[in-house]
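Dear colleague,

Please find below the structure that I am handing over to you. My notes on it follow directly after.

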Amino acid sequence: MPVRGPDSSQLLNRLDDVRRWLARFEKEAAGLDIEYRVVQSRVLGPNRIPVRVTARSFEQLATAIGRIDDAALFDELLAHTVAVVPRLEPWVRNHPMIVLQHATVWDRALATTAWIDQHDVSGLYLRQINAEGVDTKFVERHHRLLDALLCEVLAPERIGATDSAGGGFTAKFGFRSKPSYTRLRFLDPALELVAGLSELTARTEELIAAAPVAERVFIVENEITYLAFPEVAKSVVVFGSGFALGGLARFGRSSWLSDREVVYWGDIDTHGFDILSRLRGAYPSVRSILMDRETLLSHRRQWAVEDAPTNRTLSYLTPDEASLYRDLVEGAYGDSIRLEQERVNFSLLQRAVGNRGAGAPERQSTDVVRALPVGTDPQGSPRRQPLR
């Protein structure tokens, strides 16, 4: 291995520094063969400077650089790998530093990999992995390492395309995912799924299969709004867009919701319109209430600041929604403004859904405009920049 030593100028001008460097180098390179060259100087005469070191064995090199213990440990981990999961030997040889970084958990990583390889895990939760010293937290904490190992040993048909980050690990390797739950209230006293219950939380999949008798489903973001939502004939209200994005899109257009009127009310901010657009991408008939310019401008004193606004292209908004979204992105009314759902005057909600038990709320157009670049109006013409 070549050595970059001091040059003749440094010898002449920084002789003391060079001597200290040389002493330190020869101490650290003890055990290696050092090759020198002679540098001539009129003032200092001949001086030996190291130019190359040679290690005659792997052990000699590992000792010289202070890694002999790591080398011995790697040999142990490699031998253990060959004994437990032989098919991982090539991967381990090619990734020694990763193996050493996980030395303290390597035995459990191998046990987990071997157990999954030897069992049909479809229908099982991560909690049901029955390997020594392995629990759900271990798998979640080391999912990237386990992902790499499992991709080496499992048959291709046992590996899905799902990203292994976070909860995606379960889907990628065929485990059962934690179910989603839906919280639902009946807005019509005549409706009920279970006798005597006006509200329930159930597994989303089972709730959709049960098909509650309702013609209209409201989806709201705020819990108090959900609890205080006024009575509406033949309607239910659901708390949280997680149900909307996970439930609507997940169960497809043939599900119970496909022939219901779905009404979404979210915050008037960039993320509220993002959720609305994604919902409408799965279900074109989804419509919004109280997410319009009039509602925003009539609540100026209730405006807040959106922490991390988005400027994504939203393809499934109506012309009015798209126009307001662009104004929010461009800061037409101020930087990163938002109107949270719970700050909207409650009487506007009562008016939007009709009086108690009065039936369906007044419909608004859901004609969708494909999203345009920020700075254009719905017809595609350039827009003037707003006054600040």
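This is a predicted model: local features need pLDDT of at least 70, side-chain atom pairs count only at pLDDT 80 or more; totals for chains, interfaces and linings use all residues.

Salt bridges

The whole structure contains 22 salt bridges. One of them joins aspartate 117 to arginine 87, with 2.3 Å between the closest N and O atoms. This pair links distant parts of the chain, 30 residues apart: aspartate 117 belongs to helix 7 (residues 106–118), whereas arginine 87 is in the loop between helix 4 (68–84) and helix 5 (89–94). Aspartate 117 has a relative accessible area of 22% and is therefore partly exposed; arginine 87, at 48%, is also partly exposed.

Arginine 338 forms a salt bridge with aspartate 269, their closest N and O atoms being 3.0 Å apart. Here too the pair links distant parts of the chain, since arginine 338 lies in strand 10 (residues 337–338) and aspartate 269 in the loop between strand 7 and helix 14 (270–282), 69 residues apart. Arginine 338 is buried at 17% relative accessible area, and aspartate 269 is buried at 3%. Arginine 338 also meets glutamate 340 in a salt bridge (3.3 Å, N to O), and both of these residues are buried. Asp267, Asp269, Arg338, Glu340 and Arg343 are linked in a network of salt bridges.

Aromatic contacts

The search of the whole structure returned 6 aromatic pairs. In one of them, the ring centres of phenylalanine 169 and phenylalanine 173 are 4.9 Å apart and the planes stand at 55°, so the pair is classed as tilted. Both phenylalanine 169 and phenylalanine 173 are buried. Phenylalanine 218 and phenylalanine 229 form another tilted pair, with 4.9 Å between centres and 45° between planes. Phenylalanine 218 lies in strand 5 (residues 216–220) and phenylalanine 229 in the loop between helix 12 (223–228) and strand 6 (235–239), so the pair ties together parts 11 residues apart in sequence. Separately, the charged end of arginine 48 sits over the ring of tyrosine 36, 3.9 Å from its centre.

Two further buried residues

Tryptophan 256 is in the loop between helix 13 (241–251) and strand 7 (261–265), and is buried at 7% relative accessibility. Beyond its sequence neighbours up to four places away, tryptophan 256 touches Ile208, Ala211, Pro212 and Val217.

Arginine 287, in strand 8 (residues 287–288), is buried with a relative accessible area of 1%. Its side chain makes a polar contact of 2.8 Å with the side chain of glutamate 261.

With kind regards

Notes
Residues are numbered from 1 along each chain as its sequence is written. Side-chain values use heavy atoms; hydrogens and water are left out. Helices (H or I, at least four residues) and strands (E, at least two) are DSSP runs, numbered from the N terminus. Buried means under 20% relative accessible area, exposed over 50%, partly exposed in between (1.4 Å probe, protein chains only). A polar contact is a pair of N or O atoms within 3.5 Å; within protein, one must be able to donate a hydrogen and the other to accept it, and residues adjacent in sequence count only if both atoms are side-chain atoms. Contact means heavy atoms within 4.5 Å. Rings of Phe, Tyr and Trp (its six-membered ring) pair if their centres lie within 6.5 Å; planes under 30 degrees apart count as stacked, over 60 as edge-to-face and the rest as tilted. A charge sits over a ring if NZ of Lys or CZ of Arg is within 6 Å of the ring centre and within 35 degrees of the ring normal. A salt bridge is a side-chain nitrogen of Lys or Arg within 4 Å of a carboxyl oxygen of Asp or Glu.
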